[in-house]
Structure formats: C-alpha cells, structure tokens
Amino acid sequence: MFELIKWGVKMNFYELIKRNLKIYFRDKSAVFFSLLSMIVTIILMLFFLSDFQIDAIVSMIGEFPGRNADSDKINATVFVLQWIAGGIVGINAVTVTIAFYSAMIRDRVDGRLNSIYTAPVSRFTISAAYVTSAWICSVIICILTLAFSELYCIIKGADVYSFVSHIKLIGIIAVNSFTYSALMYLLAMLVATQGAWGGLGTVIGTIVGFLGGIYLPIGDYSETMANIIKFLPVIYGTKLFRTVMTEDVQAIIFKDAPAELINEYRLEMGVDLEIFSYKISDFDSIIILLTCGIVFLVCGAIVTKRAKKSDK
C-alpha cells in the first residue's frame, strides 16, 4: 500500500491514462466482452435477418424498369452489410466503455482508488484520466471494427470509402465515444460493486442493440417505441455512421427512383430521423451527442464531488 501511495505522488494525468490503458488491454476478457455485442450482432444479422432485408430491397427496386437483377442483388447486399456495420460501430462505443470501467470498479473495491486519492493529485485529474482513457480505448476498438467491417464489405462487392468519408467516420467515432465514456463514468460512480456493474453491463449490452435500431430498423417499431428511442443518444450515433457508410451505394440502388420512395425508405431504416415532422440533420445529431456527453460529464463530476465529501 505504501508503494502505491508513493507512486501516486509522482503520477500525473498522462501517467494515469497510461496505467488505465495498460490495465484494460492487458485484460483479455475485458477486450473480448467489449467485442461480444459486435459478434452477436454479426451472427444475428448475417445468418438470420440480412437475407430478409436484402430481398425486400431487391423486390422494391425491381419494380422499376431497366433494372439488372444481379447488380441489384449485389448492391442490396452491400447496403445491408454497411447498414449493419454502421450499427455495430455505433454500439461498440457502449460496450467498450462498459468493459473499461470494470477496472475502475475493481480499483474502488480493492481500495486502490482511495490510495490514489490520498496522493497530491486532484480528483478532477483522476476522473478526467479515467474518462479520457475510456475514450481512447473506445476510439481504438471502434476504428479497428470499422476497418474489419469495411474490408468485409469490400470482399462482398463494396467500394472503398473515400478519404473524406474516412475522416467523417473517424470524427463520428470520436464524438460517439466521448458520449459513452462520460455516460458510463457517471453510471460507474453510482455503482458500488463489480457484481452490480456486471449486471448493469449485461442489461445495457442486451438492450442497446434495440435502442440503436440495430436488430430491427426503427420503422419496424411501434410509433410509441420509435419516439422513445429518438429521445436516446444511441440512435443518433448509428444514424451518423449509416448516413456516411451507405451514401454511395444508396445513390446506385435508388438511381431514377422517386424521391418520395427514397425518403420513406431512409426513414424506415433509420438513416434519416424525424421528430415531430422535423428532419434531424447530421449536424443536429452531432450536437445531440456532444450535449448528452457534456451533461453526463457534469453529472459525473457532481457525483464525484459528493463522494469526496462523504469520504471526509
């Protein structure tokens, strides 16, 4: 314990981040469970749900003259795969940060966090280091997920995303990861034991796919459920990813199709979102995610400050 306190005297913000990252990536089970939701989603979509969506697209656009059935099938497959990939990258930010904060819960339960608090370093610095570390882990895992999903889509016939699209996607990953790094920090500060955190993580990991419109397009939900989902940040992350990822193939699939059909289908699949007849733009979605992240961060800071008072 004395050695830990002695180390705490010397530590700073960057050293705390380095420590947290080492702990996370050294824990192979934590990394695996970060990717578990992605693996489950891929299995569900590729083996159970994707064929239905592909056939629906082919049937819909096949009604227009001058279509090539084989090309339509390939393009529909690419669209569905990229739509799935957009959802997976979006919810990965949730599962990665849940797994990351397990280390903070262990620090608290084992008494290491209290030992660090005794060092001449502010709780703000310690909290900021945890949130920043979670954000870095989430960004890294999400970028890797994006790379693997893009490679798989290319194998299936998709074009490589443009340089501009890659920059947009990395920017969306950064914003999306910030939101859930802040949210999960707040929740972690409210949870006292590893068992409770594990249970909460299981619940969140189970429902996040539905809340993000991953397993089913948002158009398949009831109007009430769809409206509830639109007041949660998850759907706005997946919307942003899907907008960028499916942009090129949509232009091919819906070439010469009526604008009304395109708009209706984009709303059905959650590529576009409307609230009270107001169409949510990409900029709106980014502002929503950033605002949620800032609110969660402020609430987490308040909880941390109250915890500090209770320790006295």
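Colleague: In which hand, right-handed or left-handed, does H2 pass H6 in their crossing?

Modeller: Please note first that this model is predicted. Here H2 passes H6 in a right-handed crossing.

Colleague: How is the packing of two helices described?

Modeller: Two packed helices are described by the angle between their axes and by the distance between those axes. In this structure, helix H2 covers residues 13-26 and helix H6 covers residues 123-155. They pack at an angle of about 45°, and their axes are 9 Å apart.

Colleague: Let us turn to aromatic rings. How many aromatic pairs are there?

Modeller: Two rings pair if their centres lie within 6.5 Å. By this rule the count comes to 7 aromatic pairs. One of them joins Tyr24 and Phe25, with 4.9 Å from centre to centre and 80° between the planes. Planes over 60 degrees apart count as edge-to-face, so this pair is edge-to-face.

Colleague: Why is the pair of Phe79 and Tyr265 described as tilted?

Modeller: The planes of these two rings stand at 45°, so the pair is tilted; the ring centres are 5.9 Å apart. The pair links distant parts of the chain, because Phe79 lies in helix H4 (residues 69-109) and Tyr265 in helix H12 (residues 259-269), 186 residues apart. Phe79 is buried at a relative accessible area of 1%, and Tyr265 also counts as buried, at 12%.

Colleague: Which residues do ring pairs link into a cluster?

Modeller: The cluster consists of Tyr24, Phe25, Phe100, Tyr101 and Tyr185.

Colleague: Which residue lies over the face of Trp83?

Modeller: That residue is Arg242, at 3.7 Å from the ring centre of Trp83.

Colleague: Finally, how many disulfides does a search of the whole structure find?

Modeller: A disulfide requires two cysteine sulfur atoms within 2.5 Å. The search finds 0 disulfides. As for individual cysteines, Cys137 is buried, with a relative accessible area of 0%, and Cys153 counts as buried at 3% relative accessibility.

How values were computed
Residues numbered from 1 in each chain as written. Predicted model: local features only at pLDDT ≥ 70, side-chain atom pairs only at ≥ 80, totals over all residues. Heavy atoms only, no water. Phe/Tyr/Trp six-rings, centres within 6.5 Å; stacked < 30°, edge-to-face > 60°. Helix = DSSP H or I, 4+ residues; strand = E, 2+ residues; numbered from the N terminus. Buried < 20%, exposed > 50% of the residue type's maximum accessible area, 1.4 Å probe, protein only. Lys NZ or Arg CZ within 6 Å of the ring centre and 35° of its normal. Axes fitted to C-alpha atoms, helices over the stretch in contact; angles between N-to-C directions. Left-handed = near helix turned anticlockwise from the far one by under 90°.
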